[in-house]
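Here is a short report on salt bridges. Follow along in the structure below.

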Amino acid sequence: MNKRNRAGAVLLCFFLGCLLFGCGNPETTVPPEEERPLIADTISFNESKREDKINWYGRCYHDTQKGNVSISNSSAGFEVAFYGTTLSARISATASAWKAPELSGNGYLCVFLDGETKYENATCIELSDTSGEPAVVLLAEGLEKGEHTARIIKITEVKYTQAYVWSVTSDGGFVAPPSKPAIKLELIGDSITAGANAMREDTADETGTDSENSLASYGAVAARMLGAQCNVVARSGLTVAGGESGTRFAKIADYYGLYSEKDNIAWDFTQYVPDAVVIDLGTNDLGVSTSESKIKSAYTDLIAIVRQKYPQAHIFCCTGAMGNFGVRLAPLINRIVNDKAAAGDMRIYHVELHANSTAGHPTAQQHVTNGIRLYAQIKAKLGL
């Protein structure tokens, strides 16, 4: 081989080596993680809910005119994945207008970072700006530079406080969020399902929103154990029949077809089709002296609506947890379930909760006991 051919071969090898391994060109070299620049990014909701970058949990209404998304319901919220060290959101919130014995105070969020699932390990944030105007809420700061996930869940019910997300910002940009859990639950209930007074320290019930935590309720405990997501329709004082006259007290029929009582827009039931539905209603009906016949009629109608919306779902009708009402309610709900089964609905069950609070609402620990029982029932019936 002459010198010219040998030199050409060397240059060809060098060129091929550059293609295969790179030659230090700054345009093709990926910078080390610690050198990757932080470029802030903001997600807003003027045109859509941006589900390409955000997972929404619960019945979250997107107001296209205002450009915000409601996370007012119990256990509603959002999840993002981002590169950076901080995360914040512009959120507008309201304070409770109720007085004792109802709950007064502000709304609260739980922030779960990097796959955390237990609310005990989450950061709890009070929505203290209750002017109704968007305000920046710092959700996470001082994180190690890199990729993170954050799930932000509202733990106070819509009856007392509302919250709306206007934008979400990270200091390093967003990536596609993680996959949502495959198993889906829907929880329908009253203050028990909303986790009212679950976080109290004294024996008697308290009257502050800081005592409420929907993620501590037994339904949420079961969902966490199942690794499931859940939609919650819950309201303190909710009845199934509306009282003896059928109109005096708030009842499930008033709210079940809506995003929420404060987002008075029809809910699209095709958006979220649960594998299992948990119903815990009737306690307040007994509390306002509604007759068993009225309760049975309204409860039967509710089951029919749920079954029509979700033909394949397993329905778990729960009783217990709160004083003598649960003891009195159990035989009635058992008859309703047996009637449905006799009529051919074999995916409906009665679950009696064993931890029964006689000093007001169930505590977090009592919810754990009942959540474990419900979890076992759902797991068995779904064949998990």
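Arg 235 and Glu 261 join their side chains in a salt bridge, 2.7 Å from N to O. A salt bridge here is a side-chain nitrogen of Lys or Arg within 4 Å of a carboxyl oxygen of Asp or Glu. Both residues lie in the loop between strand S14 (229-234) and strand S15 (276-280), so the pair ties together parts that are 26 residues apart in sequence. Helices (H or I, at least four residues) and strands (E, at least two) are DSSP runs, numbered from the N terminus. Arg 235 is buried at 11% relative accessible area. Glu 261 is partly exposed at 23%. Buried means under 20% relative accessible area, exposed over 50%, partly exposed in between (1.4 Å probe, protein chains only).

This is a predicted model: local features need pLDDT of at least 70, side-chain atom pairs count only at pLDDT 80 or more, and totals for chains, interfaces and linings use all residues. Residues are numbered from 1 along each chain as its sequence is written, and side-chain values use heavy atoms, without hydrogens and water.

The structure holds eight salt bridges. Among them are these:

| Pair | N to O distance |
|---|---|
| Arg 235 and Glu 261 | 2.7 Å |
| Asp 339 and Lys 296 | 3.4 Å |
| Arg 59 and Glu 186 | 3.8 Å |

Arg 59 sits in the loop between strands S2 (55-57) and S3 (62-63), and Glu 186 in strand S13 (residues 184-189), so their bridge ties together parts 127 residues apart in sequence. Arg 59 is buried at 2% relative accessibility. Glu 186 is buried at 0%.

Asp 339 bridges to Lys 296. Asp 339 belongs to helix H6 (residues 323-342) and Lys 296 to helix H5 (residues 292-309), 43 residues apart. Asp 339 is partly exposed at 43%. Lys 296 is partly exposed at 31%.
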